[in-house]
Structure formats: C-alpha cells, structure tokens
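Here are my notes on the packing of this model. Please read them with the structure open.

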Amino acid sequence: MEKLGLEMEMVVAHRDTGRSHTVENYFDALAGIKRGRGLAPSIHTMAGRAVAVLCEGCESGLDNAFNHLESALGPVAGGPGGLAVLESTVLAELADVIDALESDQAVLLNAAEHPDCPLDTAFYRRARAPKPIYDYWVDYRGWQHQVGIDAKAQNGPTTSVTLGEAANALNVMLALAPAFIALFANSPLEGGQITGLKENRLSIWPRMFAASRFACDARLSSPPDVPFDDLGAYFRWAYGAGTVMHTVPLVCTHDYKGQAHTARVHADPSLLDFLAMPQARATACDTGQALSLQPSAAHFEYLQFSPFLDARFRFRFGTLPSLKELLACLDKRDGIEQLMARVGTQGYIEGRVPGANFPDAGLLDELGKGDAASVVMAPSALQAGLLNNLAQARQLVDAWGWQRLLSLRSAAITHALDDASVHGLVGEVIAVAQAGLRADEQRHLAYARWVWANRRTGADRMLETWQGLAGPSGQRLSTLARQRRVVHPRHWAPSAS
C-alpha cells in the first residue's frame, strides 16, 4: 500500500448545552495552535469567512456547515509503519481541533450525527458553509441539502491502489460496505428522537435526492446490479447515458466545493456527451453570463465526485491526456487503466460509510485505553487490510454473492450487528482484513474485534444512555453530550499511555 489518508469528520456541540454549535473563533485559534507547534498554517476564506486552516499534509476545514468539521489528512507513505504514521497525524490533529474549539466554548461529540439538531431552513441558512456548489445543488438540481445540516459525519479512509486492481478494489469495498456500516454505526438519534436505525446518517442520500430534478442523482448513490468489469465500466456508468453532469470550473481545479467560478452546460448533457462536443453553450453560475466551453480531460477528472457511492475511485492525472485519447480508451477493455498508467495517474479508494467514532469516557472505561484508542484508526486498518489481501477479499465477495451483499446494506443501517447475517459477514471481513495486516498493525483492529464480539456499537451505547435519561429534552441532550464528549488524546493516545 503506497499511500494512506483519512477524511475525519467531526460533530461540534456547545460545551454546556450540547446543542449543535457553529464555530466562529475556531480557525483563528487553530492556526495559532499549529504555529505554536512549529507549523506554517494559512487560513483559507470564502465569502469573507474563514473556512479552513491549511498546513502541509493537513486541511482542517468544514464539511457542509460550520457545525460539521472535516480534517483531510495525508497522504502518508503506506507500507511498513504507514498506519502508525497516519495514526500520529490523526491524533495530533484531533488534539489541535479539541484545543481550538475551546475558543468557541465547544466540544466534539462521539457521534456520527448530532442527536438533536434542527433541520429547518433557518438553521440551514445560518449554519451552511458558503460553498458555491451548494447553491447549484439546491437551486437547480433540487436537492434537499438541509437533511445533512445536523453534522452527519463519517470517518473516511483513503487507500491507494494500483490501476490494474482499481476496479476490483472498488467492487470489494462496495460489496463489503455493510460490514463497515454495522461496525461503525453511531447515529441512532435525530431531532432528539430514536429513529429506529442504528446508522441514521446513511438515510441522507434517499432523502437528499428525493425531489431531485434528475433521477440519476439517486441512482448514482447505489451500486449497479453487477460489479464493474474495469474502470471504463465504472466511468461509463457514472458519466454516461441517463446521467446529467454537474457544473464545471472555468479555471482548472480539483476543489469542487470551493471553486467559485463554474458554469452549467445548457441542455443538461451527460459528461460523456459533453466531452464529445467541439464546443458547448453554458451559463456562468456566479454572473449569469452566456459563454462557450471547450471540453477537456480536466472536466473528466474534476467530476469524479459525481457518484455518491459507499466507496469511490479517486484519481489525479500525472499529465493531462488528450480528450481524443481519453474517449477512445473508454470502450476498450482495461483501456482507462492503460491510459492512466501512461500519463502517470495516481489512484485510491475513498471509503465513505464508516460513521465517525471517537473515545469518550464510557468507551475508555469499558474497553480500556489500549482497545478504545484504536477506534479512530479502525476503519483505515480494516480497509487497508482488505486491499492488501485483495484476492481473499474477492473470494469473500464471490462466496456471499454481489446481490446478497448489496441487500445487507439496509439491514446494517437498521440493525447493525443485531442482524445475524450482517454479524456473520463482519466476522469474516475482520478475519480477511487482519490477514492483510502485519502483526504490529493488527492492534488497530482492536475496537472492531471488540464491537463484533460484543455486538455493541457506538449506536447501542448511545441508545442505552439516551433511554436511561429523564427530564425535558434540553436536559437530556446536555447529559448525553457530557457523556459522549470526545476525550482529549493526551488521556488515551498510545504515546500518552
């Protein structure tokens, strides 16, 4: 495994009330903390507001709102010791985040969704990050973006793969997603109510796309009926017939959420139809100006976020190929893989289903520091182990069957490890992943092994606490938030033990 990274999302709450909290002083405080550690941070702003602190190997920003933090960490070198290096990076970042939140009288919750946050339009407008693509998604595509404003948070591992194994790796991660959903389920509450789902966070996609102008938006959030034969099949599915491309930048960039100057192509073509045009009529999203766009392979690269799947293949071209060459390779077996190899492309699998989990006081008491400390790194270790042991992981997928595995997704969201089939699958997934890790790396799976053995997820612990509370809703939330507050790594990190 050449490179490892993590997209660590975090739920912010007010220190005293437990209510969902939008940060104000956080980025200035965070930059100061990082400078104090000898780093050279810069603050990134949008629409006059600070939205991220940038350092080498770390972007400490927002996901969709000021109550929903996201730190993009790495990549670090994989191979021997790679997970330990990533762990050190993650723990340092988590400590910085917790310390910086003191400036806002705020804390992090061990939760994959804030348990009692409004989803109304007023809160959405106040809390939402000023990222231009959200206007397009809401105003033009008709997405119900506010259903994610309660900080539905993931712990998303990123793991590099060779181009020749990329399609197989993606298939494995899509098929085995129910195991990750169940193990890291941590969102049984919404709006102060028990939802009946152990991972309510993943109810987001059908709700967000329910009123979309384009049916493809919902379709592209679920895997196809059969695995992808190669990367060409994946991109034809994501960009081809029956799909509608998103806006594209007027200046080449990889930052799809932060790019202000984008354009919408007229007549809403698929990306592949757009790429086949010599020129296309478009409208600038920020000014309304009519313009003409010339398609480029850069647009193919830029729109790779389009499928909202449980796992995605992500990549960056080393040298931008010609559009003619790109389109010629799409229909050839392994043609995209060969093209990407020729132009020095780096690719990785982005895992998107593990819910955010962190050590709180109860978890530390129940598991002890050693096992509880592995909770943050467990998704990364599980994904890395599977992809290191890809042949056996593929055998596992074949043995269970593609359609059966996809059907377990709903059971994992609803019941997590209470479902016998899901529990059986998780045990096999952990075994295959463990076999793909070095002996010194297997400690990162301690939390996963404990959860599986005890059928006790973060969601189960949260429900147990919530159901034991009495009093008005505000009092119950305050008590739950105190008990689910993320403990500073100085009290549990391996180096602090």
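1. A term first. A nonpolar core here is a set of buried Ala, Val, Leu, Ile, Met, Phe, Trp, Tyr and Cys residues joined through side-chain atoms within 4.5 Å. Buried means under 20% relative accessible area. Note that the model is predicted.

2. The largest nonpolar core has 169 residues. Within this core, L69, L108, F235, F300 and F313 touch the most other members. Helix α2, residues 82-101, supplies the largest share of the core, with 9 residues. As background, nonpolar side chains tend to be buried together in soluble globular proteins.

3. Which residues does F235 touch? Leaving out residues up to four places away in sequence, F235 touches G240, F300, F313, F315, L330, I336 and M340. F300 and F313 are also among the residues that touch the most other core members.

4. A second core is separate and has 6 residues. Its members include A65, F123, Y124 and I149.

5. Now the cavities. The structure holds 3 of 30 Å³ or more. The largest cavity has a volume of about 60 Å³. Its lining includes R141, D217, Y239, M245, H246 and S306. By class, that lining has 7 nonpolar, 3 polar and 2 charged residues.

6. The second largest cavity holds about 50 Å³ of space. M173, A177, F180, D310, A311, G351, R352, V353, P354 and Q383 line this cavity. The classes here are 6 nonpolar, 2 polar and 2 charged. Please check D310 and R352 in the view; both belong to this lining.

Terms used: Residues are numbered from 1 along each chain as its sequence is written. This is a predicted model: local features need pLDDT of at least 70, side-chain atom pairs count only at pLDDT 80 or more; totals for chains, interfaces and linings use all residues. Side-chain values use heavy atoms; hydrogens and water are left out. On a 1 Å grid over the protein atoms alone, a cavity is a set of points where a 1.4 Å probe fits but cannot get out, and a pocket is an open set with protein on both sides within 12 Å along at least five of seven lines; lining residues have an atom within 4 Å of a point. Grid points are joined across faces, edges and corners, and a volume is the space filled by probe spheres set on the points. Ala, Val, Leu, Ile, Met, Phe, Trp, Tyr, Cys and Pro count as nonpolar, Asp, Glu, Lys and Arg as charged, and the others, Gly among them, as polar. Buried means under 20% relative accessible area, exposed over 50%, partly exposed in between (1.4 Å probe, protein chains only). Helices (H or I, at least four residues) and strands (E, at least two) are DSSP runs, numbered from the N terminus. Contact means heavy atoms within 4.5 Å.
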